[in-house]
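Reader: I'd like to learn how to read a two-chain model, feature by feature. Can you walk me through one?

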Amino acid sequence: MTTSTPDAVVTTAPRLRKRAFAGRVRWWTYAFLFASVAVSAFPLYWMFVVSTNDSAAVSQTPPTVVPGGNFFVLAEQVFTTVPFVQSLANSFVVAGSIAISQMILCTLAGFAFAKLEFRGRDPLFIIVLITMMVPTQLAVIPLYMIMSNLEWIDTLQALIVPGMASAFGIFWMRQHLSTVLNNELMQAARIDGCSTWQIYWRIAFPLVRSAGFVLGLLAFVTAWNDFLWPLIVIQSPENYTVQLAIKALQRQYFVDYGLAMSGSFLATIPLLILFIFVGRKMVAGVMDGAFKG
Amino acid sequence: MVLSAPPRSTPAPQSTKSAKSTALKPRRRIKSASRVDAFAPYMYIAPFFALFAVFGLFPTVFTFYVALFDWNPIGGQTFIGLDNFVTLYGDERFWNAMRNTFSIWILSTVPQLLLALFLAQLLNNARLKFANLFRMTMLVPYITSVVATTIVFASLFGRDYGLINSFLNFFGVESIDFAANTFASHIMVSTMVLWRWFGYNTLIYLAALQAIPKDIYEAAAIDGAGGFKQFFYVTIPSLRPVIIFTIIVSTIGGLQVFTEPLLLSAPGLTGGSGRQFQTLSLFMYEQGFGNFQFGYGSAIGVTLFALIVVFSVINYLLSRRITSDD
């Protein structure tokens, strides 16, 4: 993760630039790595093959392994069997809201923990770290009861609101802010009469936009792919997320994979397109998280 | 200048702070702004704590409470003490789910982390070509949803027309009914978990490998250590904290495997006709939302929670011992 350094007041992270290991690369290194590329990509390719062929071509012996011309037939069935467009829209609303909200709320809290002095700061931050380890998935039954009391069952806000902030996001943004934003800059801003909010909004937030973007991406992907909680709390098809829509396709045609595969493929395309543009950032983000985790 | 003292040294009581800013710029707006400033940090962290209290902490604590009841969402609640736990620990379905969960966890985690370590070692070379291609494609499974993953792999592992069985047939091996056989079904589920996460862990290991200073390797080489010795005496010890981190993350994930067995057992919730691949999370879902036994389901949740806490504590103790050793 690199943060652009527009002027002198911004210190780059004091990261030790180690010279990378650079030995001779053997042919079998490439063999193994290309094999892993094939393993990573093949299931998606297979998804595409099945969703472009009719079921006869896929179930012959040996099965076909090349795409056919049946894509639009199956895609049309997907869109008519379940409200797929609505599901895509719902998923965009849910994942998008969570991503934007996490970017703002986690940067804000990370800023407070990294750069502000207040009573109870360190104990509160330790609580944040502990909550990262709490597997809240196991508390779905009471969570369902809460949603029931709020009368949020079968609504999208039941999916959005619990995910609006995350302990990991706060931890992540705090790490970035404490390396990127230096104290002299903050004092200079204070002397100039900046309020804490102005320091956050005008100085801190722009500095960590890139890290915040990666956090938003990870939150988006996680929310887009979430399954257990939507399965519990969403009931009517018009509120389905794409994952629930795929499951609905599967339930009706279990033996014939074509329809479910077509739905899976259509639900994965938006993320694949996103990934083409931001994949490098995500790779850097995952690797950077490891540094700090 | 009065305000230029480093904020770290003194927590500056708010009265003096506002007095000073009034002295500098005697305007009402500034005065109120600095009063707001004293509360600002709390306001910035409040959203997270409020959300966590309502949707994280409260449900978690409440699970323990619900577990003490015979709790039916439509009927009513009767306090039954620890009866749910007594029933649960005498329930063969629970121990079956426990065995399946651990079997799937080991079958997915061990090969996954070894593979990731191996691939990271291969990727850790500045002269490697296509480095970005390798890293990016390895992350593609991670952005693919578990639902899509399960559907593709269910087709690949299919009994009659699955590609894997076609492959086996080609070599004269008879088709395997993966979903029907206990061990084969665990392999199938583990493969799905492994596929989705090996690239992610590879990148984590790669980042850790890149953080090892090159001098250590040079020193080891001067001392006559070859590639394998360097790997076991330099690489592995340097990676130990990261390895433990990935093990605990995989454990927390592995104990919560849910989507794969659910979709494979559709339209049922039992994880196969003989419950051969029902995991603890799926068992909890079956009891809670299939049979509407909220109390019994919560008792399963509490048990899973306890398991995860035990594993996390073991991990913490291990990692602390290792860091103090170094």
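**Salt bridges, interface and rings**

Author: Let's start with a single side chain: R93(B) is partly exposed, with a relative accessible area of 28%. Keep in mind that this is a predicted model.

Reader: Which side chain does R93(B) meet in a salt bridge?

Author: The general idea goes like this: side chains of opposite charge can pair when their charged atoms come close. Here R93(B) meets D91(B), at 2.9 Å from N to O. D91(B) counts as buried because its relative accessibility is 12%, under the 20% cut-off.

Reader: How many salt bridges turn up over all chains?

Author: The search of the whole structure gives 6. Another of them joins D177(B) and R159(B), where the closest N and O atoms are 3.6 Å apart. That pair links distant parts of the chain, 18 residues apart. D177(B) sits in the loop between α7 (163-170) and α8 (182-210) of chain B, and R159(B) in the loop between α6 (146-156) and α7 of chain B. D177(B) is partly exposed at 29% relative accessible area, and R159(B) is partly exposed too, at 46%.

Reader: What about chain A: which residue does D122(A) pair with?

Author: D122(A) has R121(A) as its partner, with 3.4 Å between the closest N and O atoms. D122(A) is partly exposed, at 48%, while R121(A) is buried, at 14%.

Reader: Now the interface. How many salt bridges are there between chain B and chain A?

Author: The count is 0. For polar contacts between the two chains, the count is 8 residue pairs, both residues at pLDDT 80 or more. On the chain B side, the touching residues divide into 67 nonpolar, 21 polar and 10 charged.

Reader: And how do I put a size on that interface?

Author: The size of an interface is often given as the accessible area lost when the parts come together. In this model chain B and chain A bury about 9,400 Å² between them, with 76% of it on carbon and sulfur atoms. Y44(B), F55(B) and I143(B) supply 9% of the area that chain B buries against chain A, more than any other three residues. In residue terms, 98 residues of chain B are in contact with 107 of chain A.

Reader: Which helix gives the largest share of the side of chain B that touches chain A?

Author: Helix α2 (residues 28-66) of chain B, with 20 residues.

Reader: Are F167(B) and F171(B) buried or exposed?

Author: F167(B) and F171(B) are both exposed. They form an edge-to-face pair as well, at 5.2 Å centre to centre with 70° between the planes.

Reader: Last one: what does the fold of chain A look like, in helices and strands?

Author: Chain A has 14 helices and 0 strands. Of its 293 residues, 55% count as buried. For a local example, look at α9 (residues 183-191) of chain A, where L185(A), M186(A), Q187(A) and A189(A) are buried. The buried residues of α9(A) pack against α4 (84-115) and α10 (196-207) of chain A.

Note on methods. Residues are numbered from 1 along each chain as its sequence is written. Chains are lettered from A and ligands numbered from 1 in the order in which they are written. Side-chain values use heavy atoms; hydrogens and water are left out. Contact means heavy atoms within 4.5 Å. Buried area is the accessible area (1.4 Å probe) that two parts lose on being put together, summed over both. A salt bridge is a side-chain nitrogen of Lys or Arg within 4 Å of a carboxyl oxygen of Asp or Glu. A polar contact is a pair of N or O atoms within 3.5 Å; within protein, one must be able to donate a hydrogen and the other to accept it, and residues adjacent in sequence count only if both atoms are side-chain atoms. Helices (H or I, at least four residues) and strands (E, at least two) are DSSP runs, numbered from the N terminus. Ala, Val, Leu, Ile, Met, Phe, Trp, Tyr, Cys and Pro count as nonpolar, Asp, Glu, Lys and Arg as charged, and the others, Gly among them, as polar. Rings of Phe, Tyr and Trp (its six-membered ring) pair if their centres lie within 6.5 Å; planes under 30 degrees apart count as stacked, over 60 as edge-to-face and the rest as tilted. Buried means under 20% relative accessible area, exposed over 50%, partly exposed in between (1.4 Å probe, protein chains only).
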